[in-house]
Amino acid sequence: MHGRRNCLETRQREIATEHLLFKLIEYVEAGTPGLLDFLQGSLDHLGDNASDDTKDDERVRAIAQRMIDGARKQGID
């Protein structure tokens, strides 16, 4: 039960963090365009810090790319 609660809290924290991050990006990009381009340019340096067989640098980069793409679309609407 305790492990399930930790997973739930982790998931909820991730949802809240992602929301706040998107809003921060949206706010900064609106005032100073270029943040999304800067983040896009940093993806080559992004990687998965796992040291076991779950390590998947490309998957982490793909998730980040989708987040950037979503932020770009959000800014247009």
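Which residues form a nonpolar patch on the surface? I noted first that I am working from a predicted model. Then I looked up the patch. Leu21, Leu24, Tyr27 and Val28 form it. Together they have about 400 Å² of accessible area. I placed one of them, Leu24, in helix H1, which covers residues 2-31.

**Entry: salt bridges**

I searched the whole structure for salt bridges and found four. I wrote up some of them below.

I began with Lys23 and Glu26. Their closest N and O atoms are 3.6 Å apart, and they form a salt bridge. Why are they about one helical turn apart? They are separated by that much because they sit three residues apart in helix H1. I checked the exposure of both partners. Glu26 has 32% relative accessibility, so it counts as partly exposed. Lys23 has 38%, so it also counts as partly exposed.

Next I took Arg61 and Glu58. They form a salt bridge too, with the closest N and O atoms 2.6 Å apart. I found both in helix H3, residues 57-76. They are three residues apart there, about one turn of the helix. Is Glu58 buried or exposed? Glu58 is exposed, because its relative accessible area is 53% and the cut-off for exposed is over 50%.

Then I turned to Lys55 and Asp57. Their side chains meet in a salt bridge, at 3.4 Å from N to O. Lys55 is partly exposed at 42% relative accessibility. Asp57 is partly exposed as well, at 26%.

**Entry: Asp48**

I went on to the loop between helix H2 (35-42) and H3, where Asp48 lies. Asp48 is buried, yet I found no salt bridge for it. Which side chain of opposite charge is nearest to Asp48? That is Lys55, and it is 5.5 Å away. I had already listed Lys55 in a salt bridge with Asp57.

What does the side chain of Asp48 reach? I traced it to the backbone nitrogen of Asp56, at 3.0 Å. I also listed what Asp48 touches, leaving out residues up to four places away in sequence. The list is Thr54, Lys55, Asp56, Asp57 and Val60.

Methods. Residues are numbered from 1 along each chain as its sequence is written. This is a predicted model: local features need pLDDT of at least 70, side-chain atom pairs count only at pLDDT 80 or more; totals for chains, interfaces and linings use all residues. Side-chain values use heavy atoms; hydrogens and water are left out. Patches are made of residues with over 30% relative accessible area and no salt bridge: like charges are joined within 9 Å, nonpolar side chains (Val, Leu, Ile, Met, Phe, Trp, Tyr) within 5 Å. Accessible areas come from the Shrake-Rupley method with a 1.4 Å probe; for residues, only the protein chains shown count as cover. Helices (H or I, at least four residues) and strands (E, at least two) are DSSP runs, numbered from the N terminus. Buried means under 20% relative accessible area, exposed over 50%, partly exposed in between (1.4 Å probe, protein chains only). Lys and Arg count as positive and Asp and Glu as negative; His and the chain ends are not counted. A polar contact is a pair of N or O atoms within 3.5 Å; within protein, one must be able to donate a hydrogen and the other to accept it, and residues adjacent in sequence count only if both atoms are side-chain atoms. Contact means heavy atoms within 4.5 Å.
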